[in-house]
Amino acid sequence: MDVLLIQQILIAALKTGTPLLLIALGELVCEKSGVLNLGQEGMMLMGAMAGFAGAFYSGSLFLGICLAIVAGVMMASLFGVLALKLNSNQVATGLALTIFGTGLSSFLGGDLVGSTISGFTPIEIPVLSAIPFFGPLLFNQDILVYISFVIAGVAWWTIQKTRIGLTIRAVGENPHSANALGIKVIKVRFLATLFGGAMAGIAGAYMSLAYTPMWMENMTAGRGWIALALVVFASWRIGYLMLGAYLFGFASILHLVMQGFGFDISPNLLAMTPYVATIAVMVVISSKSLKQKLATPMSLAKPFDPKVG
């Protein structure tokens with residue numbers, strides 16, 4: 001296989017995996033704190049719509065990103081109030097949030113369907129981009145790809161090496177013990193949920209401002225659901241999460257790669273690959289013993305009442 005072709009395939013996989021990495025990082029932090037937010041798809045769609053609308057009407061891509069983050073945080077706030085303050089069922093609330101976000105994004109973005117803008121373009125980093133093979137792959141990307149690298153590194157450092165990370169993990173493992181130590185469990189979980197919303201907003205902005213700089217209804221195509229499986233697939237570890245995001249990204253373009261090589265396989269079947277993989281992951285990790293092996297946060301999706309010991 002031609003080296004240049006391999007390089008182009010990897011670049012495409014990296015671009016396709018970037019929104020998965022962004023939204024999955026937010027969900028990982030949420031779940032580390034004990035919050036299961038199934039509303040990722042809805043938040044991502046709202047981020048995509050708000051980001052595109054902001055950039056389309058203002059002409060500023062930066063403003064588009066800011067509005068996408070605001071939209072994601074507002075959606076996450078709604079989830080936080082219902083699930084954390086009012087103790088509604090996290091699974092049901094997350095599903096409702098996805099349905100709400102899908103419908104609201106379609107309604108608010110109705111006049112923009114099919115509109116296009118000049119999105120983010122690759123930024124070549126001097127010297128580093130000249131490195132053979134890996135230079136164009138890693139150092140000739142748009143700003144949001146670089147931001148995803150930075151956020152992943154900062155998130156890993158925060159979770160593993162700082163007191164903030166220790167607090168988040170403590171709240172996710174044993175909230176009652178954390179509460180006894182003076183940690184404000186609901187506040188920590190709410191902030192983690194807001195971070196997840198912000199990341200979903202950025203992931204949505206990447207879809208409408210960089211990956212395909214236009215607005216279409218349901219343009220996230222289930223990536224929010226894939227991200228949920230990706231967090232489990234990665235065993236709540238950020239390093240594995242990055243690898244998994246790019247693997248799922250590759251799976252998403254597999255039908256194009258196979259067509260390019262002339263394989264006589266239905267492109268529709270190949271396009272199903274990432275979603276089949278998502279279902280397979282969820283089925284495999286459904287057993288309680290495997291959940292323990294994967295280091296699932298012990299209090300994941302369990303409501304917390306500080307009055308109950």
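Predicted model: local features only at pLDDT ≥ 70, side-chain atom pairs only at ≥ 80, totals over all residues.

Trainee: Where is Gln40, and what does Gln40 touch?
Mentor: Gln40 sits in helix 2. Leaving out residues up to four places away in sequence, Gln40 touches Ile23, Glu27, Thr98, Gly196, Ala200, Gly224 and Leu228.

Trainee: Let's switch to the nonpolar core. Which residues of the largest nonpolar core touch the most other members?
Mentor: Those are Leu22, Leu25, Leu144, Leu209, Trp215, Leu230 and Leu241, out of 78 residues in that core. Several helices supply at least two residues each, among them helix 1 (3–32), helix 6 (143–161), helix 9 (185–211) and helix 11 (238–252). The largest share is from helix 9, with 15 residues.

Trainee: Can we zoom in on Leu241? What does Leu241 touch?
Mentor: Not counting residues up to four places away in sequence, Leu241 touches Leu21, Ala24, Leu25, Leu28, Leu230, Val231 and Ala234.

Trainee: And Met242, which helix is Met242 in?
Mentor: Met242 is part of helix 11. Met242 counts as partly exposed because its relative accessibility is 24%. Beyond its neighbours within four places in sequence, Met242 is in contact with Leu21, Phe149 and Ala152. The C-alpha atoms of Met242 and Ala152 are 7.9 Å apart, although 90 residues separate the two along the chain.

Trainee: New topic, the surface. Which residues form the nonpolar patch there?
Mentor: Leu78, Val81, Leu82, Leu86 and Phe100 make up that patch, and together they have about 420 Å² of accessible area. Helix 3 gives the most to the patch, with three residues.

Trainee: Where does Leu86 lie?
Mentor: Leu86 is in the loop between helix 3 and helix 4 (90–108). With 59% relative accessibility, Leu86 counts as exposed, since the cut-off for exposed is over 50%.

Trainee: Last one: how many disulfides are found in the whole structure?
Mentor: The search finds zero disulfides. As for individual cysteines, Cys30 counts as buried because its relative accessibility is 0%, while Cys66 is partly exposed, with a relative accessible area of 30%.

Technical notes
Residues numbered from 1 in each chain as written. Heavy atoms only, no water. Core = buried A, V, L, I, M, F, W, Y, C linked by side-chain atoms within 4.5 Å. Buried < 20%, exposed > 50% of the residue type's maximum accessible area, 1.4 Å probe, protein only. Helix = DSSP H or I, 4+ residues; strand = E, 2+ residues; numbered from the N terminus. Contact = heavy atoms within 4.5 Å. Patch = residues over 30% accessible without salt bridge, like charges linked within 9 Å, V, L, I, M, F, W, Y side chains within 5 Å. Areas by Shrake-Rupley, 256 points an atom, 1.4 Å probe, with all protein chains shown as cover. Salt bridge = Lys/Arg side-chain N within 4 Å of Asp/Glu carboxyl O. Disulfide = S-S within 2.5 Å.
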